[in-house]
Number of protein chains: 2
Amino acid sequence: MQEVDIYQTLKRKLVSNGFEHGAKLRAEVLRKEFDCSASTIREVLFRLSTVGLVSFQEQRGFRVPERSPEKLIELTHMRVLLEGEGTVMSIRAGGVAWEARLTAAHHQLSHIETRIHEAAASDDLVAIWAGAEKEFHETLISACGSKTLKQMHGQIYAQFRQQLMLADRDFDFISTNIEHHAQILEAALSGNESLTRKKIHDHLARHLTGETLGV
Amino acid sequence: MQEVDIYQTLKRKLVSNGFEHGAKLRAEVLRKEFDCSASTIREVLFRLSTVGLVSFQEQRGFRVPERSPEKLIELTHMRVLLEGEGTVMSIRAGGVAWEARLTAAHHQLSHIETRIHEAAASDDLVAIWAGAEKEFHETLISACGSKTLKQMHGQIYAQFRQQLMLADRDFDFISTNIEHHAQILEAALSGNESLTRKKIHDHLARHLTGETLGV
DNA sequence: ATTATATAAAATTTCGAGATTTTGATATAT
DNA sequence: ATATATCAAAATCTCGAAATTTTATATAAT
């Protein structure tokens, strides 16, 4: 298995319930799982600690970051800030091409959310939903013109998902949430910047209280 | 030399003119300089790429990031966003203790800037100034209550300094800049949030045009 | 002269073993 | 019973050499 594949596989596991929060990531175990040397694993884990998905402590190895209500609040705050700013920049610079992409991304997300809401949420469907939700929020900021902003948002978004894991799975598909995405789309297409910021904030607001992880 | 020292030493060199922009960071060379193995160097470089101070490309090793006017503009934009948000949060939550720390940090910065402005800027003085300027801007957001925001700001600030290196050294000490710091302090102490945001923006505005790196 | 190919040199990446440090268990003392 | 000290097991970290890949050089072909 290629190192880049090991990286992707581990990353996916880290943001989608593949490990317990706080679990130790032992080189020896992972070495066997991926059939490579301990140094290669060590390297991949360093790269993942790069983006905050793995915590590293000198002489004490690597761990999955603990779940923490405060951390989730901080990450949510950053998402509101970065997605709000990035979306406003996209509104100004994106043009029709961006509006088209956003509409398409929302259509797909809306489709899968409705489907899950009506039936049950199988693991397969949840995986598809996770991709569509990520795509929608990334499309919002995709025309902002700042690689730096997109990169930071990518880091924050991944850590946000990792904090949440499946804790909030049910809520993600209730009609309130489906409505939220529609309102963000509508506000963005209307070009109303402060309204768009507000709708993004409202969508994420339930994670700003600490209740989502039970405080 | 301890690995943590290697990390610090390299980091300092990377943000203060110790390397050319775009320079290759060869493991063999650094291995000899710090008298350790190639793997140790490799690890440190991975950690520095964690925070964006070193760029890494598969099979092509590590480099000092290129200087780029666009990148500087993006980093400046992020600084305005993060320092503005963090300072406003500090105004709300910091209390007298924060105000006292901010006043102290400004006093030290003001002192050194005046001194350099009157005389010439020796390398020693510039190093002291760099510390004082970093301290002032970090104190602004120090009471924001978000470890995540502080961490991201730290990354952005280091990359910002790395982009600038000594390109803008002269301007850093002219009276305009000294005035800027005083106005940020005054606005923050007055508790006027939008004015504080504006003063932080104005202070950094010259880096938003591209002129600083000559576009 | 320019492009393409083959070869050599140099740099990066992987590896497993040895050295170091932490962790956990057991024994001893307060 | 609590705390401290000692030792063994386990994990992490460092290292230098071997394997792989890139880069540079020289040769041949168009």
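This is a predicted model: local features need pLDDT of at least 70, side-chain atom pairs count only at pLDDT 80 or more; totals for chains, interfaces and linings use all residues.

Author: Setting aside the residues within four places of it in sequence, Thr76(B) is in contact with Phe160(B), Leu204(B), His207(B) and Leu208(B). Thr76(B) itself sits in helix α4 of chain B, which covers residues 69-93. Is Thr76(B) buried or exposed? Thr76(B) has 23 C-beta neighbours inside 10 Å, so it counts as buried; the cut-off for that label is 20 or more. For a sense of distance within the chain, take Gly18(B): 58 residues separate it from Thr76(B) in sequence, and from C-alpha to C-alpha the two are 22 Å apart in space.

Where chain B meets chain A, 17 residues of chain B are in contact with 17 residues of chain A. On the chain B side, α3, α4 and α7 (147-164) each supply at least two of the touching residues. Sorted by class, that side of chain B has six nonpolar, six polar and five charged residues.

How are the two chains related? Chain B can be superposed on chain A by a rotation of 180° with 0.1 Å of shift along the axis, and the RMSD is 0.0 Å. The two copies are therefore related as by a two-fold rotation axis. If you want to find that axis from chain B, look for Thr50(B): its C-alpha is the nearest to the axis in that chain, at 2.0 Å. Both copies use the same surface, since 100% of the contact residues of chain B recur in chain A.

Now for how one chain is divided. In chain A, the domain assignment gives domain 1 as residues 3-63 and domain 2 as residues 70-213. The C-alpha centres of these two domains of chain A lie 27 Å apart. Where they meet, seven residues of domain 1 of chain A are in contact with eight residues of domain 2 of chain A. The domain 1 side of that meeting place has four nonpolar and three polar residues, and no charged ones.

Next, the DNA. Around DNA strand C there are 18 residues, and the closest are Cys36(A), Ser37(A), Ser39(A), Gln59(A) and Gly61(B). Two or more residues of this surface come from each of α3 (38-50) of chain A and α2 (27-34) and α3 (38-50) of chain B. The largest share belongs to α3(A), with four residues. By class, the surface near DNA strand C holds four nonpolar, seven polar and seven charged residues.

DNA strand D has 17 residues around it, the closest being Gly61(A), Cys36(B), Ser37(B), Ser39(B) and Gln59(B). Here the elements that give two or more residues are α2 (27-34) and α3 of chain A, together with α3 of chain B. With four residues, α3(B) gives the most to the surface near DNA strand D. That surface divides into four nonpolar, seven polar and six charged residues.

You will find Gln59(A) in the loop between β2 (55-57) and β3 (61-63) of chain A. The phi of Gln59(A) is near 65°, a positive value in a residue other than glycine. Gln59(A) has 4 other C-beta atoms within 10 Å, so it is exposed.

Asp35(B) lies in the loop between α2 and α3 of chain B. Although Asp35(B) is not a glycine, its phi is positive, about 50°. Asp35(B) counts as exposed because it has 9 C-beta neighbours inside 10 Å.

Let's finish with the strands of chain B. They include an open sheet of three strands in the order β1-β3-β2, with antiparallel pairing. Its edge strands are β1 (24-25) and β2 (55-57) of chain B, each pairing on one side only. Between β2(B) and β3 (residues 61-63) of chain B, the antiparallel pairing runs over three bridges. To see the pairing residue by residue, look at Ser55(B), which stands opposite Arg63(B) in β3(B).

Notes: Residues are numbered from 1 along each chain as its sequence is written. Chains are lettered from A and ligands numbered from 1 in the order in which they are written. Domain bounds come from an automatic or database domain assignment. Two residues are in contact if their C-beta atoms, placed from the backbone, lie within 7 Å. Ala, Val, Leu, Ile, Met, Phe, Trp, Tyr, Cys and Pro count as nonpolar, Asp, Glu, Lys and Arg as charged, and the others, Gly among them, as polar. A residue is near a molecule or strand if its C-beta atom, placed from the backbone, lies within 6 Å of it. A residue is buried if 20 or more other C-beta atoms lie within 10 Å of its own, exposed if 12 or fewer, and partly exposed in between; C-beta atoms are placed from the backbone. Copies are superposed by least squares on the C-alpha atoms of residues with pLDDT of at least 70 in both. Two strands pair if DSSP finds at least two bridges between them.
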